[in-house]
Amino acid sequence: MKCRKIIAMALTAVMSLSLTACGGAEKGTSESGGGDDGKTYNVGICQLVQHDALDAATKGFKDALTEKLGDKVKFDEQNAQGDSPTCATIINSFVSGNVDLILANATAPLQAAVSGTVDIPILGTSVTDYATALDIKDWKGSTGINVSGTSDLAPLDEQAAMIKELFPDAKKIGLFYCSAEANSLYQVETIKSYLEKDGYTCTNYSFVDSNDIASVIASAAKNSEVIYIPTDNTAAANTEVVKNTCVPAGVPVIVGEVGMCKGCGVATLSISYYDLGYTTGEMAYDILVNGTDVSSMPVKYAPKVTKQYNESICKELKLEIPEGYEKIETEEKE
């Protein structure tokens, strides 16, 4: 009996050690997968409309989180198809589903997200100016609420300088933008002040939505020597309309980002929207896994901008582009 008792005690000790070892290995595996202790994070993505820039930002965001968390992150990705009320519907579904974080890709989704929740962390991307978008009067770099993110604001003074470099003899600049996008107006008014200092006469050509783009761009092309379009989502989704009007009219278009330049522009000073989205994904990881307070996170900006040109449209308009510009690859890539 005594011998049996000793054997039983020994077996119990071995099993206990075995379980402890297994438990340690399991915890270590979880930590090596991003320090998330086995939790799966649910992230809602609301993108305003489908076009190159916003698509690239969403991809960069997802890539960053997936690289860090693997299958421990799940995305509910929805597109509002350019409709602001649909943004609110999408955000409400995220709030009802109690997602862990919301990515608002563009200004309208950001505004809808802020209206929809004060508890769930919100990160914006492809948003030009957070103070304008959120009506923050005393801007100090962070929002102080459950919002942070990344800005796609390129240096507008350098964009104005690029227009002067390419079209020094032009006099009339048409500024084309959607009146429903607050950040588009912000860019237009800012660059207008730089252009007017350089001696250009600037005229605003605003459209309400995609339904009146054709008539407004026709008016702008008729009365302008050069047209400037900021990082405007509605315009970006309708570049073919702009191209089909401006190229036959012989009017060059300078745009705020490379995706739009592929569609209708001759040149741009653009950020990388993929890199912008990737940075936003890194911020999301800090919030979800490291517990960083979103309200105190400074809004981040693109680290660099690049001068680029659309070779095919430049050839059609017989424009010579000086050195220092990169040619945009316009062919589809797999």
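A: The buried residues of helix 6 pack against strand 6 (172-178), helix 7 (182-197), strand 8 (226-229), strand 9 (253-255), strand 10 (267-270) and strand 12 (306-309). Here contact means heavy atoms within 4.5 Å, and helices (H or I, at least four residues) and strands (E, at least two) are DSSP runs, numbered from the N terminus. The model is a predicted one, in which local features need pLDDT of at least 70 and side-chain atom pairs count only at pLDDT 80 or more, whereas totals for chains, interfaces and linings use all residues. Residues are numbered from 1 along each chain as its sequence is written, and side-chain values use heavy atoms, with hydrogens and water left out.

Helix 6 itself spans residues 156-166, and its buried residues are L156, Q159, A160, M162, I163 and L166. Buried denotes under 20% relative accessible area, exposed over 50%, and partly exposed in between (1.4 Å probe, protein chains only). These residues lie on the same side of helix 6, because they cover an arc of only 155 degrees around the axis; the arc is that of the directions from the helix axis to the C-beta atoms. An α-helix has 3.6 residues a turn, so residues three or four places apart point the same way.

Of the 334 residues in the chain, 46% are buried. Among contacts with a separation of 6 or more, 71% are made by residues 24 or more positions apart.

Q47 belongs to strand 1 (residues 41-47), and its relative accessibility of 3% is why Q47 counts as buried. Beyond its neighbours within four places in sequence, Q47 is in contact with L54, D55, T58, Q78, N79, A80, N105 and P109. With D55, the side chain of Q47 forms a polar contact of 2.7 Å; such a contact is a pair of N or O atoms within 3.5 Å, where within protein one must be able to donate a hydrogen and the other to accept it, and residues adjacent in sequence count only if both atoms are side-chain atoms. The C-alpha atoms of Q47 and A104 are 6.3 Å apart in space, although these residues are 57 residues apart in sequence.
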